[in-house]
Structure formats: C-alpha cells, structure tokens
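Thank you all for coming. I would like to walk slowly through one structure today, starting with its open spaces and then turning to some helices, loops and strands.

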Amino acid sequence: MKKRVLSLLLVLCLTFCLMPAALADAPDFTLEANGQVITAMEESVLPTFVQDGWTTYDDVRLITVTLPAGTDEVTFTSFSAGSVLAYNYTPDGSYIAGYYEDFQTGAPTAQCPVDADGDGAADYIAVQTPYDSEFNSDLLYLVTFKYDSLFTLEANGQAVTAMEESVLPTFVQDGWTTYDDVRLITVTLPAGTDEVTFTSFSAGSVLAYNYTPDGSYIAGYYEDFQAGAPTAQCPVDADGDGAADYIAVQTPYDSEFNSDLLYLVTFKYAGFTDVTADDWFLSDVTAAVSAGLIDCTAPGTFAPNAPMTRAIFVVALYRLAGTPSADSRNPFADVTEEDASYDAVVWAYGEGIIDGRTDTQFDPEATITRQEAAAMLYRYCGTAGDNAALNAYTDKGQIAGWATDAMGWAVNSGILNGRTAETLAPRGTVTRAEAAAMLLRLSGK
C-alpha cells in the first residue's frame, strides 16, 4: 500500500513539473504591430489610477509593451481573460472619446492606436470586464507602450543606430518659449554626412524643424519636415555655419497654433576610416569637413593622401569666403554651369584669384601644385613681405617667378610648411590633407 501511495505521489510530482511553461505562465494577451508578434513586455505596479475622475484603483498592474519606432497602432489578437473591454485613457485617467466600439474585444481582434489623442504620450489601455446589468465593470490591468527608439534614421541609405541621450538644461525656442530639462538625442553619423532621413517617429505624426543651438529657427524647411509624410529629409547643417543643427521634434499645431516640444536631435561625426589619431592632419581634416569646406570622397572616407584638384581647391576657398555671389563672366570652356565648381570658378576668376592654364581652359580636374595653391591664397588675402624665409630651403630655385611672393608670404604666415626641413617641393602636388591644413591655417589668420 505504501509503495502505491509513493508511486502516485511521484506521478503527480512529475506531471506537475513537466507541465508546459505556457500553461503555467499564460500571457495576459497576445499582441501584434505591423503584422509582427510583439513579446517584449515588462510588468510593474501603478500605485493609483483614477479612472474617469471618480473610480480609484490602487496597486494596478501596469504592463509596458516595447514597440518598434513608428508604430502607431497595435492589434490585440487574444486575451487570457476571455471577453473583455479595452479603452484608451490618458495617463491621468481621462477617457479618450471616440474609440468605444473599436476596442470591445468580443470581436476576434482589437485594433488600438498607441496615441489616440495625438498628444505625443503613449496612452494607457484599460482592460476590464464587460459591463454587468448595472453597468459595473472591474479594471483588470493597464497596458501602455514605449519604443525601442524615438525615431528611425538613415544616412546615405544606411540605417543609423548610434545615439546617446542627455538632458539640455534650457532651450529657448524662437526667443520666447523656454523649455527646461529637454531630452537631447545626439546621433553619430559617418563623417561627411550632410543630410539625414527620418524614416519613422515613435510619436506618430510630428513636426521637425531645424534650429541653431541657440534656439533660432532656420527658415525654409517647414514643409519638408512634417513627418506625416513617409519620411522627413533633413540637412545636418541647414544654415551652413559649420555647427550641427538642433532638430526640434514637436507635436502638430492645434487650432490655436500651440505645439509641444517633445525632444531635440543633434549630430556628431564618427571618425574617418582612413584618418587615424596619429596622423598630423587629423584636426585639420576633421575641422575642414565639419565646416563644410571639403567633402568626403565617400561617407567616412577622406582620402587624405590623394591629390587635390584645381576645381576642388577653388570650391573649398569659395566656401571659406562664405560662397559670395559670382557675377563675373566665365572665360573657361571646360567649366560649365552644370559643374559643381562653376560658381566658385567664376567668383575666383572675377576676384583675380585664379588664372587658366590658357585663356579659355581652366583644367579643373588637373592636380594643383603647392605653389599654385599658395598663389591662390595669396591673391585672396595675402600681402607682399620679406621672402628671406625661402632661403632655408634647398629647392627654392624651383619656385616660379610668378609664385615667389606668394610662397614667401605662405611660409612666413605659417600657412605652408616644408615637405621636409630642407625642401618646399613647390612643384609637388598638394594632397587633400595638405589642402585642409592650408585652408584651416588661413581661416585663423
């Protein structure tokens, strides 16, 4: 008899221990977003929830579901409690009107907006028992949402995920609205990225505007950045001042033209794949790209040792000058209005900064020599002086007569250094790194 009892106990024990986990821990509900099953959930306790301003619930179960950024609607595909009701509420317990019928889950599924009132904050979904004959219903638990990111972003067609969050103590928007303790998301982009594309926002329909870090609106981008469109294309430095903008992401304007700032986005650049911390030109290249003087050859790639062309050098100087208007005639047959260097070449010719290789040929794709580069910078802002510094170099005799004053000025000003302690290599080709260094040194003069 004792053996039979022990055997029975053993069977019961094994049966319980081998019970499928799904039966022991059945989820309160199953959920989909954009046709994909969502399983990332965490549970906590909300100390108090006052529903509709008159029914108070204490120690309410709160289940927070993590959704992909940009999800604006979810579908409850089942509830473990059977037939229930599900209503959207604000976190302060105010019922959001207009969604009653949609969320009675006697239907096979319940489709539910994440932010029914469009205030930028995820709703609470009150899951409760059906009303009885006296219109009583018990709150079972609350469901709310958060996002795996505030937005999704692409640069040069590639998803960007390197982001860090901080708090900006104060942001004065447009000089009159002050926000304190603003969320600031800093996105790390490949070096040389000048435009990003927001592909989704977790808050749904939002507005996104470019601002300077001091809170001044940068005009001209209103329509582009209303994210009710599929994407929002956004320049990193809309005003071209060399500093990354702040992108103010905010709620759409209401009937009284009010809008709430949700958070700010700004940018920084990752290092170059071909420039190391040990390279003498690291700071010059970084500054030249950040200031928009010289473009990368590809995102994250500068090609520092590649030769600089005449056209790209003139464009860089033109940008350093602030891209002034170009009103001169163009004498060069090999530079047309379709060329990216057209305005820069016309401006430089009109200012007497450049000569052609002939009267009608600029030769834009040819490499630029060190003495040619010195001559252009000298004509831009140099002054004649003592050329005695050239005597320190054994190859000074290779300097063309037309470039002697320019080379003397460039050496004396610290804009041009020797290739070695004894040689200037005046007829040598300027590298892209050397061009960046010369321009940055010039900008500090």
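Predicted model: local features only at pLDDT ≥ 70, side-chain atom pairs only at ≥ 80, totals over all residues.

Let me begin with the second largest pocket, where the lining residues divide into 15 nonpolar, eight polar and eight charged. In that count Ala, Val, Leu, Ile, Met, Phe, Trp, Tyr, Cys and Pro are nonpolar, Asp, Glu, Lys and Arg are charged, and the others, Gly among them, are polar. Residues are numbered from 1 along each chain as its sequence is written, and side-chain values use heavy atoms, with hydrogens and water left out.

The second largest pocket has a volume of about 540 Å³, and of the 31 residues that line it, Y147, L150, R183, S202 and A203 lie nearest its centre. The elements that give two or more residues to this lining are β9 (139-147), β12 (163-173), β13 (177-189) and β18 (261-269). As for the terms, a pocket is an open set of points on a 1 Å grid over the protein atoms alone, where a 1.4 Å probe fits, with protein on both sides within 12 Å along at least five of seven lines, and lining residues have an atom within 4 Å of a point. Grid points are joined across faces, edges and corners, and a volume is the space filled by probe spheres set on the points. Helices (H or I, at least four residues) and strands (E, at least two) are DSSP runs, numbered from the N terminus.

Now to the largest pocket, with a volume of about 700 Å³. It is lined by 32 residues, and the closest to its centre are D237, A291, G292, L293 and D295. Helices α3, α4 (310-320) and α5 (342-350) are the elements that give two or more residues to this lining, and α4 gives the most, with three residues. By type, the lining of the largest pocket holds 17 nonpolar, nine polar and six charged residues.

As background, an α-helix has 3.6 residues a turn, so residues three or four places apart point the same way. Just after α3 comes G292, with a positive phi of about 75°.

Most residues other than glycine have a negative phi, and most peptide bonds are trans. With that in mind, F135, in the loop between β8 (124-128) and β9, is not a glycine and yet has a positive phi of about 65°. F135 is exposed, with a relative accessible area of 57%. D181, found in strand β13, is not a glycine either and has a positive phi of about 50°, and D181 is exposed, at a relative accessible area of 58%.

S83, in the loop between β5 (73-79) and β6 (85-89), is partly exposed, with a relative accessible area of 46%; S83 and T129 are 46 residues apart in sequence and 7.4 Å apart in space, C-alpha to C-alpha. T66, placed in strand β4 (residues 55-67), touches I38, A40, K146, Y147 and D148, leaving aside residues up to four places away in sequence.

Finally, the chain as a whole: its secondary structure comes to eight helices and 18 strands, and buried residues make up 43% of its 445 residues.

Key: Buried < 20%, exposed > 50% of the residue type's maximum accessible area, 1.4 Å probe, protein only. Contact = heavy atoms within 4.5 Å.
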